[in-house]
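Please look over the sequence and the model shown here.

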Amino acid sequence: MTLLPLIMAVEVEGEAELVKRLQRRDPQALAALYDRYGRLVYSLILRVVRDTGVAEDLVQETFLRVWNRVQGFDAERGAVGPWLLAVARNRAIDYLRSTVGKARNSLEMEATEHPALFSDMEKDILATDKARQIKAALEKLSAHQRQVIELAYFEGLSQTEMAERMGQPLGTVKTWVRAALKNLRNELGTAVAI
Amino acid sequence: MNCDELQGHYELYVLGLAEEEESREIRQHLDRGCEVCMRELGSARELAAMVGGTAVMAAPPPALRRRILASVGVEARRLGWWAPVWGVAGITALSVAVFVALFFRGREVDLAQQLVDSREQVRNQTIELTRLTEAFAIMNGPDTTEASFGKGPQQPPKGRVFVNPAQGVLLIASNLPPAPNGKTYEMWLLPKRGMPMPAGLFQSQTDGTALYVRRGTVNVNGTNAVAVTLENAAGAPQPTVQPLIVAALPSNS
Ligand SMILES: [Zn+2]
């Protein structure tokens with residue numbers, strides 16, 4: 001499970017204006033949002049669900065959800081890309097877990113994708129140079145560290161579930177998770193500083 | 001816990017890995033507008049977004065863009081009478097209820113009401129809205145063919161099918177109890193020549209209503225009827241039992 005980087009030339013200029021048009025219910029703004037982020041959202045969801053038909057449905061849900069909730073988004077201070085990805089990930093993980101009868105806590109999901117939470121973030125977090133930085137940072141992790149981050153982000157597994165999946169003690173998994181996050185934080189320190 | 005004690009838990013929280021106690025604490029800090037926690041969570045969300053951006057690049061099919069835009073009224077003119085409401089109000093639960101009521105215009109108000117009621121039971125509203133959006137697009141297509149089923153003295157499943165050559169098949173039914181454990185409903189297109197063609201599996205709701213959309217192109221002129229059978233949960237390549245529903249399409253010479 002190697003991570004190949006998705007090199008994103010995501011243009012964030014004029015994004016505040018785009019969000020305001022979405023808030024005015026301008027459907028063409030949704031077209032612009034889709035043209036900017038559709039590929040990224042689709043790629044993320046497909047990585048999680050591994051089924052193109054399901055991925056298409058979930059991409060549609062993601063954009064409709066954003067369209068329906070954009071009034072709560074701060075056009076000036078918000079970062080729309082990270083919000084879209086959070087909504088997309090929730091839809092995809094929710095689907096994945098529902099197929100094995102393990103529904104997620106909806107309160108927890110709501111708490112991770114509320115539009116107001118994506119204010120004051122760096123707006124160009126999905127730009128090309130940042131993609132290189134995260135790729136480099138992930139490559140520096142040990143194989144186990146990288147695997148737990150992938151299992152958490154792309155498969156929505158809890159630490160207990162990861163321990164089962166990997167056939168490792170829970171304590172070991174927790175150690176890998178903490179070390180991985182600490183390393184990523186350090187490597188990306190300059191990238192994610194506000 | 002104070003913010004210092006929550007250090008190291010923010011990323012876990014964003015990834016859904018935090019313990020219940022820390023999650024609760026973080027939510028409480030957020031509820032009271034703790035700026036330290038807001039900032040730390042912002043960084044954690046950035047990290048998560050960057051991990052998300054490492055998914056292998058894939059290209060969505062062009063039709064997906066059209067589908068998404070159609071669902072918010074970009075192709076309003078083509079979609080007919082409900083589009084203006086749609087465009088102004090956006091897709092809201094209220095407007096869906098209004099559309100269902102307007103569509104049935106008293107013809108089958110009980111069914112419409114059941115559908116509106118059943119909507120309340122659907123946990124994930126967005127999934128339901130997506131489905132209804134597609135349903136209305138099919139209902140309203142100028143080239144959509146319509147047929148009803150289940151008219152009779154007994155209480156068979158009743159309802160209506162809508163078949164659109166470009167968009168697919170919509171089936172709305174009532175009086176169709178949920179398929180028992182290990183079973184599922186399977187829809188079929190019965191062509192004028194040849195074997196029934198499987199058109200997907202669906203389940204009805206506890207109140208006996210079902211709304212099922214099968215997307216894709218349909219050769220309407222080559223199709224005699226839409227049928228539904230009760231099959232084993234995996235579905236079947238050909239019907240194994242007599243159909244519960246047969247909706248004969250109007251003959252189209
Ligand atoms: Zn705090």
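**Reading the model**

Along its sequence, chain A runs in the pattern α-α-α-α-α-α-α-α-α-α. That is ten helices and zero strands, where helices (H or I, at least four residues) and strands (E, at least two) are DSSP runs numbered from the N terminus. The model is predicted, so local features need pLDDT of at least 70 and side-chain atom pairs count only at pLDDT 80 or more, while totals for chains, interfaces and linings use all residues. Residues are numbered from 1 along each chain as its sequence is written, chains are lettered from A and ligands numbered from 1 in the order in which they are written, and side-chain values use heavy atoms, with hydrogens and water left out.

Of the 194 residues in chain A, 55% are buried; buried means under 20% relative accessible area, exposed over 50%, and partly exposed in between (1.4 Å probe, protein chains only). Contact means heavy atoms within 4.5 Å. Among the contacts in chain A with a separation of 6 or more, 69% join residues 24 or more positions apart.

A:T62 belongs to helix α3 (residues 52–69) of chain A. Is A:T62 buried or exposed? Its relative accessible area is 0%, so A:T62 is buried. The side chain of A:T62 reaches the backbone oxygen of A:L58 at 2.7 Å. Apart from neighbours within four places in sequence, A:T62 is in contact with A:V41, A:I45, A:L84, A:V87, A:A88 and A:R91.

A:V48 lies in helix α2 (residues 27–49) of chain A. A:V48 counts as buried because its relative accessibility is 4%. Residues up to four places away in sequence not counted, A:V48 touches A:A92, A:I93, A:L96 and A:F154. From A:V48 to A:E150 there are 102 residues in sequence, and the C-alpha to C-alpha distance is 10.0 Å.

Next comes the interface. In chain B, 52 residues are in contact with 66 residues of chain A. The size of an interface is often given as the accessible area lost when the parts come together. Between chain B and chain A the buried area is about 5500 Å², and carbon and sulfur atoms give 63% of it; buried area is the accessible area (1.4 Å probe) that two parts lose on being put together, summed over both. B:R45, B:E46 and B:M50 supply 13% of the area that chain B buries against chain A, more than any other three residues.

How many salt bridges are there between chain B and chain A? The count is five, a salt bridge being a side-chain nitrogen of Lys or Arg within 4 Å of a carboxyl oxygen of Asp or Glu. One of the salt bridges joins the side chains of B:R67 and A:D57 (2.6 Å, N to O). Among the elements that give two or more residues to the side of chain B that touches chain A are α3 (20–31), α4 (35–52) and α10 (125–140) of chain B. The largest share of that side, eleven residues, comes from α4(B).

The protein donors of the zinc ion are B:C3 (SG), B:H29 (ND1), B:C34 (SG) and B:C37 (SG), at 2.1 to 2.3 Å. Donors are N, O and S atoms within 2.8 Å of the metal (3.2 Å for Na, K and Ca); water is not among the atoms, so sites may look incomplete. The sequence spacing of the donor residues is C-x25-H-x4-C-x2-C. The angles among the four donor atoms are 94 to 122 degrees, and the site is tetrahedral, a term that for four donors requires all angles to lie between 85 and 135 degrees. B:H29 is buried because its relative accessible area is 2%, and B:C37 is buried at 0%.

Methods. Four donors count as tetrahedral if all angles lie between 85 and 135 degrees; four count as square planar and six as octahedral if opposite donors are over 155 degrees apart and all others between 65 and 115; anything else is irregular. A polar contact is a pair of N or O atoms within 3.5 Å; within protein, one must be able to donate a hydrogen and the other to accept it, and residues adjacent in sequence count only if both atoms are side-chain atoms.
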